[in-house]
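Please have the sequence and the 3D view open while reading.

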Amino acid sequence: QKSKNKLKNTIWKQLADALVESGIPGKDIGIFGSYLVGFDIKKDVDFVVYGFGNYKKVRENIDNILFKLNATHITKEHIKYQIITHSKNYSNFNSFNKLLVNKWSSIQLKKELLSTIRFVYKPKEIPENPYVKKIIKETEILGIVVDSTGTNFCPRIFILDVDSKLYTIATYFWIFQSCVVNGMKVKIRGNLREDNVITIDNFSQGIQIAK
């Protein structure tokens with residue numbers, strides 16, 4: 001309750017209200033990060049939305065949410081900032097300048113202030129864990145994204161069509177949230193596992209947008 005009171009008369013309360021107005025029950029909206037454990041708001045508040053159905057509501061209403069907050073999608077300037085700040089540990093194999101553009105649930109409230117809504121499955125919605133599959137070898141493959149929905153959750157999962165053979169691509173790295181869209185041609189470097197699963201597990205691996 002103390003945390004909720006701190007949100008009154010802030011842009012974060014407006015964001016929460018915009019989510020509710022999009023049809024998401026208040027009980028399915030949460031916060032996480034340092035603010036959750038009692039720290040003061042230094043920069044932003046991190047929101048999480050629970051449930052696949054609620055994810056779809058946010059997706060369908062994101063433009064209305066932006067309008068109500070007088071906000072925009074992630075800007076080119078902020079993408080450049082994130083690349084400089086967060087991608088330095090990753091391989092240059094990754095096309096972060098093109099991947100970060102796809103972060104549709106990132107809300108640019110003002111310069112240098114970005115809030116990205118995260119999504120969490122409800123217990124009965126959780127898909128099979130791709131990491132239980134045994135690693136065979138490291139590999140690189142090129143294909144077309146045919147289902148990017150799972151990139152909005154964690155682990156980030158999408159389906160890649162490689163010459164009519166389907167692969168499940170997965171990673172726990174946060175920077176790959178909403179990283180690709182359907183129809184995108186990408187090259188993957190990762191660990192090939194059983195049952196056509198490829199996981200991106202270390203900083204030398206990743207996703208490259210094909211030319």
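Are Trp 104 and Phe 119 buried or exposed? Both residues are buried in this predicted model. A residue is called buried when its relative accessible area is under 20%.

## Aromatic pairs

The whole structure contains 16 aromatic pairs. A pair of rings is described by how far apart the centres are and by the angle between the planes. For Tyr 90 and Phe 96, the centres are 5.4 Å apart and the planes stand at 75 degrees, so this pair is edge-to-face. Tyr 90 and Phe 96 are both buried.

Trp 104 and Phe 119 are arranged in another way: their ring centres are 5.6 Å apart and their planes are at 20 degrees, so the pair is stacked. Trp 104 sits in the loop between helix 5 (96–99) and strand 3 (106–110), while Phe 119 belongs to strand 5 (residues 118–120), so the pair ties together parts 15 residues apart in sequence. Trp 104 and Phe 119 are also members of a cluster, in which ring pairs link them with Phe 52, Tyr 55, Tyr 121 and Phe 153.

## Salt bridges involving helix 2

The count of salt bridges is eight. One of them joins Asp 17 to Lys 13, with 3.0 Å between the closest N and O atoms. Both residues are in helix 2 (residues 11–21), where four residues, about one turn of the helix, separate them. Asp 17 is partly exposed at 30% relative accessible area, and Lys 13 is partly exposed at 34%.

Another salt bridge is formed by the side chains of Lys 68 and Glu 21, at 2.9 Å from N to O. This pair links distant parts of the chain, since Lys 68 is in helix 3 (residues 52–69) and Glu 21 in helix 2, 47 residues apart. Lys 68 has a relative accessible area of 42% and is partly exposed. Glu 21, with 54%, is exposed, because the limit for that class is over 50%.

## A buried arginine and a network

How far apart are the closest N and O atoms in the salt bridge of Asp 201 with Arg 193? The distance is 3.3 Å. Asp 201 is partly exposed, with 28% relative accessibility, whereas Arg 193 is buried, with 8%.

Salt bridges can also share partners: Lys 27, Asp 28 and Lys 122 are joined in this way into one network.

How values were computed
Residues are numbered from 1 along each chain as its sequence is written. This is a predicted model: local features need pLDDT of at least 70, side-chain atom pairs count only at pLDDT 80 or more; totals for chains, interfaces and linings use all residues. Side-chain values use heavy atoms; hydrogens and water are left out. A salt bridge is a side-chain nitrogen of Lys or Arg within 4 Å of a carboxyl oxygen of Asp or Glu. Helices (H or I, at least four residues) and strands (E, at least two) are DSSP runs, numbered from the N terminus. Buried means under 20% relative accessible area, exposed over 50%, partly exposed in between (1.4 Å probe, protein chains only). Rings of Phe, Tyr and Trp (its six-membered ring) pair if their centres lie within 6.5 Å; planes under 30 degrees apart count as stacked, over 60 as edge-to-face and the rest as tilted.
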